[in-house]
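Please examine the sequence and the structure shown below. The paragraphs that follow lead through selected parts of the chain.

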Amino acid sequence: MASEEFMGLPNSFPRQNSTSGISLDFEPDVDYHFVETLQERYKCAYCHLVLHSPHQTGCGHRFCQHCIISLRELNPVPTCPVDKETIKGHEVFKDNCCKREVLNLQVFCKNAPGCKSKIILGRYQDHLQQCLFECVQCTNDGCHDQILRKDLKDHLILHCKFREEICQYCNTYMVSVNLKNHEKNDCPDFPVPCLHNCSQIILKKEIDEHFSVCPEAEVDCPYKQYGCPVKIKRGKLAEHENAALKEHMLQILDKNSKLEEQISDLYKSLEFKEFKIQQLADTVKKCEKEFRQFAQLLSKNSNLMVNTQTLASHIDKSVWLETQVRQLIQMANQQQSKFDLRPLLETIDNVKQKIAFMETYDQRLGVLEDQSNKHDVHISIHKAQLNKNEERFKLLESTCYNGKLIWKIMDYKMKKKEAMEGRTVSIFSHPFYTSRCGYRLCARAYLNGDGSGKGTHVSLYFVVMKGEFDSLLPWPFKQKVTLMLLDQSGKKNHIVEVFKADPHSSSFQRPDGEMNIASGCPKFVAHAVLESAKNTYVKDDTLFLKVVVDLTDLEEL
């Protein structure tokens with residue numbers, strides 16, 4: 001059920017239909033500058049400003065829609081402030097003829113004298129969306145400057161500190177405000193003076209390469225290995241070599257003398273070793289000669305030779321065994337002095353006892369783990385039940401039973417973005433009731449619009465839900481419903497739509513499923529109105545919606 005089928009006023013003032021297809025409107029409570037003096041017949045009898053959505057009373061006076069609502073809210077029996085006549089709801093009607101005349105009144109742009117335009121009041125907001133003298137927010141991330149629309153292009157390209165620029169040295173893109181810091185500290189192709197003051201400009205990435213040829217860099221003298229301790233600038237190195245030629249030659253001679261002495265010592269050592277080798281060679285020859293003589297003697301008696309060989313063999317084995325035994329005794333004594341086995345044996349016994357003790361603990365731990373797992377299962381069940389109870393208690397605490405719902409929608413921008421991306425198209429309020437045993441109801445909002453309001457409006461719908469006491473309640477649902485967007489400025493400039501439930505609509509029959517099809521206003525409020533900086537419908541990224549069900553003639557069970 002679209003909102004256009006009903007009049008947006010409480011107490012169901014009769015609506016006078018219009019055949020006009022023009023969808024013009026303007027912001028109320030704004031001091032417009034009219035080209036011609038505003039006639040009294042176009043002024044609200046209550047706020048004395050230009051009529052916004054004019055309504056005419058039975059006494060013939062005209063009021064803004066929100067003003068006539070305010071009169072009804074301030075006084076149960078409202079009276080006309082002009083002639084003090086009682087305003088009767090059934091005599092109030094929407095004056096579409098006057099509305100068309102008001103919407104076609106010419107006004108000056110608020111940005112005069114810069115802007116010379118004259119616009120009809122109904123197209124005033126459309127003009128501001130295009131006016132070259134309107135202040136707009138810079139579109140660059142991080143920039144909060146307000147600029148005239150005609151200057152926005154130059155600001156984005158030339159003046160904005162957060163515009164994207166390219167580094168002239170390394171061709172990297174970055175935000176303008178960070179460009180200088182990048183060039184000085186991070187850019188590898190940034191030209192810098194040599195650290196050694198050689199008057200050359202070099203790229204930062206070539207500093208190390210330049211140091212190897214820089215004439216002002218300090219380097220060691222090439223004759224350092226010969227003893228020259230001088231450090232001098234590379235450009236003056238040749239001058240130093242020429243000036244210190246004599247000293248360098250003396251240092252080379254001294255170095256050579258030391259090397260010659262070392263070579264002489266090496267020759268002497270070599271001669272001594274050759275002499276020793278000769279002595280050993282002579283000794284070997286002498287042993288060979290004695291061995292041959294001994295062999296000749298032994299060859300005379302073969303038995304004696306065999307016995308001698310056997311005896312020599314046993315003697316050699318005996319000597320070898322004796323040597324091995326002594327070595328083993330010595331090693332045993334050393335090991336015994338180093339290691340005492342008794343503490344080691346005691347430690348092994350202790351470890352065996354601890355292992356046996358730990359084995360019994362393993363058995364006990366197995367039992368305890370089984371018990372612990374059972375407890376964890378029980379605790380998880382109890383936690384789940386507690387969470388369900390807690391959610392139910394919170395729901396019961398926030399549930400209203402007087403037919404009124406105040407719905408606080410937080411994180412508006414994020415939820416609208418999710419709706420635009422198709423992730424969460426609509427959101428539901430928590431349920432509310434007409435009484436403790438009454439109808440179960442809720443609201444449903446499409447923050448990016450639904451149907452004819454998709455992409456331009458917030459759509460708001462009323463939903464009849466399945467309740468515990470539906471079998472005791474009268475059906476279909478026939479009550480009057482008021483949908484409101486609350487003004488958070490304290491001025492009570494609420495946006496209001498009212499409709500009476502259609503008894504023939506399936507939306508208001510007794511629900512078969514969890515809830516009926518939603519019914520309400522696909523064009524409840526335009527995004528431009530809701531998000532305008534001049535309005536305070538959204539504050540701290542939060543908005544409040546209100547749903548009121550008229551409980552008149554509704555009996556409580």
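**A guided reading**

Val177 is located in the loop that connects strand E10 (173–175) with helix H5 (179–185); helices (H or I, at least four residues) and strands (E, at least two) are DSSP runs, numbered from the N terminus. The model is predicted, so local features need pLDDT of at least 70 and side-chain atom pairs count only at pLDDT 80 or more, while totals for chains, interfaces and linings use all residues. Residues are numbered from 1 along each chain as its sequence is written, and side-chain values use heavy atoms, with hydrogens and water left out.

With a relative accessible area of 44%, Val177 is partly exposed, a class that lies between buried (under 20% relative accessible area) and exposed (over 50%), for a 1.4 Å probe and protein chains only.

Two strands pair if DSSP finds at least two bridges between them. Strand E2 (residues 55–56) and E3 run antiparallel and are joined by two bridges. His55 has Phe63 in E3 as its bridge partner.

Is His457 buried or exposed? His457 counts as buried because its relative accessibility is 17%. This residue belongs to strand E19 (residues 457–465). Leaving aside residues up to four places away in sequence, His457 touches Tyr446, Leu447, Asn448, Gly449, Pro522, Lys523, Val525, Ala526 and His527, where contact means heavy atoms within 4.5 Å.
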